[in-house]
Amino acid sequence: MYPDRLSAVASAAYNAGARAELHNLGGVHADAHHATLTLARYAPARLTTESWATILAAHSSGQSL
């Protein structure tokens, strides 16, 4: 059974380094969700390291992409 989309994004974001005390998790979720839609299959864990670094950096400083 596959996790639902919210759980998949949350798990992948956590594994990429997202933390509530360091990042705006709502923004991380939204950007990761939209980035994942460009993949052939909805699998946030398959986003590149560079994609996660960009998303996390954007939401650790309050800036949007």
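Start with H3, where Trp 52, Ile 55, Leu 56, Ala 58 and His 59 are buried, meaning under 20% relative accessible area, with exposed being over 50% and partly exposed in between (1.4 Å probe, protein chains only). Because they cover an arc of only 160° around the axis, they sit on the same side of H3; that arc is taken from the directions from the helix axis to the C-beta atoms. Helices here are DSSP runs (H or I, at least four residues; strands would be E, at least two), numbered from the N terminus.

A quick word on ground rules: this is a predicted model, with local features needing pLDDT of at least 70 and side-chain atom pairs counting only at pLDDT 80 or more, while totals for chains, interfaces and linings use all residues. Residues are numbered from 1 along each chain as its sequence is written, and side-chain values use heavy atoms, leaving out hydrogens and water.

So what covers the buried residues of H3? The cover includes H1 and H2, counting contact as heavy atoms within 4.5 Å.

That leads us to the largest nonpolar core, which has 11 residues: Val 9, Ala 12, Ala 13, Ala 18, Val 28, Ala 32, Tyr 42, Leu 47, Trp 52, Ile 55 and Leu 56. Such a core is a set of buried Ala, Val, Leu, Ile, Met, Phe, Trp, Tyr and Cys residues joined through side-chain atoms within 4.5 Å. Helices H1 (5–16), H2 (25–36) and H3 (49–60) each put in at least two of its residues.

Tyr 42, one of the core residues, is worth a stop. Leaving out neighbours within four places in sequence, Tyr 42 contacts Arg 5, Val 9, His 33, Thr 36 and Leu 37. Arg 5 lies over the face of the Tyr 42 ring, 4.2 Å from its centre, and Arg 19 lies over Tyr 14 at 3.7 Å from the ring centre. To count, NZ of Lys or CZ of Arg must be within 6 Å of the ring centre and within 35 degrees of the ring normal.

Buried or exposed, which is His 23? His 23 is buried, because its relative accessible area is 13%. Beyond four places in sequence, His 23 touches Gly 17, Ala 18, Val 28, Leu 56, His 59 and Ser 60. Glu 21, by contrast, counts as exposed because its relative accessibility is 64%.
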